[in-house]
Amino acid sequence: MKSDFIKVKEKLKNQITFGSYQMNDKLPTETELMADFNVSRYAVRKALTELQNEHFIYKVQGSGMYVEEWNKKWNLNTESKTIGLICTHIADYIFPKVISQIDAVIGTENYSLLLANTHNDPEKERLSLIKMLDSQVAGLIIEPSESAKPNRNLDIYQQITKKNIPLLFINAKYPELDAPGILNDDTEAEKKMVSYLLEMGHRKILGIFQVDDRQGVHRMSGFMQAYQEMSIDLSDSNIIMYSSHDPFGVVSKKIDFYLNSDAYPTAIACYNDELAIEVLAKLKGQGLSIPQDISLVGFDNFDSSAYLSPGLTTMNYQRTRVGQEAGEGILSLLKGQEVKTIVHHPKLQLRNSVRKIN
């Protein structure tokens with residue numbers, strides 16, 4: 001179990017770094033903190049002493065403790081040979097190949113990576129940003145967390161911009177920021193995918209999209225645009241929206257609703273291949289055949305997609321190229337060169353998971 005002083009210290013540190021207290025705000029008195037945390041005066045004083053030593057707070061004799069300018073050491077460090085890389089996931093799916101390519105490119109100029117994994121959680125992103133900025137990394141490559149929602153870490157990004165610390169986004173960008181990014185045209189790509197399904201005779205298509213990321217919102221928009229541009233009634237289709245933090249069981253129950261109704265789909269378009277693989281297993285577990293009973297498509301062209309039974313029709317996300325361009329982009333920014341946003345246009349990868357219907 002954590003000791004009392006550590007609980008007090010961590011809580012106050014979080015309140016400071018997450019903006020509950022602003023610079024030069026006065027903290028509660030020792031007596032008030034003792035009551036708030038139900039701890040001894042010793043625990044409160046030790047917590048405050050450590051926060052003072054770490055330059056989060058300062059003492060005014062006879063007045064109390066105040067919040068220090070704890071981010072003042074965040075400066076451009078041209079001597080650093082470390083680049084911070086913050087991803088939503090670093091150990092699975094498409095990310096390892098992107099990361100390895102970034103590492104290979106920056107390694108040619110003797111830079112190394114400091115990695116952080118947010119699990120698409122803005123709070124974890126904030127803590128990772130603070131850690132990397134405290135370490136004075138040379139620059140940052142970031143895949144935003146919950147990019148479709150308001151940016152809860154905008155204050156930190158504004159400091160990054162103010163201090164001219166090189167910043168590059170991958171897969172999505174926060175619209176409030178002018179930093180370059182390596183992106184996909186997700187709207188157009190999904191429109192191509194759904195247009196293909198419509199050309200194959202499908203009308204009752206069920207789209208499943210993760211909507212706390214901009215990629216998912218854009219793909220959902222592309223889904224609808226395909227119907228509109230082909231002048232096909234959109235009312236026969238249906239859409240399931242889910243959060244990246246929802247377990248598959250939540251999505252599965254929503255799929256069951258349509259499988260057990262008059263809105264039974266002839267095809268399912270998944271947000272990505274990772275989801276499509278789970279949906280494929282679910283459908284097979286219910287005795288359905290792909291594509292004879294229902295067609296299925298994904299997005300990203302994940303390595304295992306070609307080896308499924310049947311092979312998954314998907315959109316090709318160029319992991320190697322994205323990683324190379326991100327590595328080259330951050331190196332250019334570190335040299336003071338202009339870097340423009342690159343937008344990829346994924347191509348349709350046809351396999352055997354879709355059948356033509358009348």
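**Ground rules**

I number residues from 1 along each chain as its sequence is written. Since the model is predicted, local features need pLDDT of at least 70 and side-chain atom pairs count only at pLDDT 80 or more, while totals for chains, interfaces and linings use all residues; side-chain values use heavy atoms, with hydrogens and water left out.

**Entry 1: the whole protein**

I looked up the overall extent, and the C-alpha trace spans about 85 × 50 × 35 Å along its principal axes. I find 11 helices and 14 strands; these are DSSP runs numbered from the N terminus, with helices being H or I of at least four residues and strands being E of at least two.

Of the 358 residues, 49% count as buried. Buried here means under 20% relative accessible area, exposed means over 50%, and partly exposed is in between, using a 1.4 Å probe and protein chains only.

The accessible surface comes to about 16700 Å², and carbon and sulfur atoms own 48% of that. The areas come from the Shrake-Rupley method with a 1.4 Å probe, and for residues only the protein chains shown count as cover.

I also checked contacts, meaning heavy atoms within 4.5 Å. Among those between residues at least 6 apart in sequence, 73% join residues at least 24 apart.

**Entry 2: strand 3 and its partners**

Which way does strand 3 pair with strand 4 (residues 112–117)? The two pair in the parallel sense, over 6 bridges; I count strands as paired if DSSP finds at least two bridges between them. L85 is the residue opposite L115 in strand 4.

To get from strand 3 to strand 4 the chain goes through helix 4 (residues 95–107), and this β-α-β crossover is right-handed. That label means that, with the strands pointing away from the viewer, the path from the first strand over the helix to the second runs clockwise.

Strand 3 also pairs in the parallel sense with strand 5 (residues 139–142), over 4 bridges. There, I86 has I142 as its bridge partner.

**Entry 3: strand 7**

Next I went to strand 7, residues 181–184. G181 and L183 point one way, I182 and N184 point the other way, and all are buried. In a regular strand the side chains alternate between the two faces of the sheet.

Strand 7 pairs in the parallel sense with strand 6 (residues 167–170) over 2 bridges, with I170 opposite I182. Strand 7 is also joined by 3 bridges to strand 13 (residues 342–344), again parallel. N184 has H344 as its bridge partner in strand 13.

**Entry 4: E325**

What does E325 touch beyond four places in sequence? I get I182, I342 and H344. E325 sits in helix 11 (residues 319–334). I call E325 buried because its relative accessible area is 12%. The C-alpha atoms of E325 and G181 are separated by 9.6 Å, though the two are 144 residues apart along the chain.

**Entry 5: G298**

G298 lies in the loop between strand 11 (295–297) and strand 12 (314–315). Its relative accessibility is 1%, so G298 counts as buried. Leaving aside neighbours within four places in sequence, the contacts of G298 include M193, C270, N272, D273 and L312. I also noted E274, 24 residues away along the chain, with a C-alpha separation from G298 of 8.0 Å.
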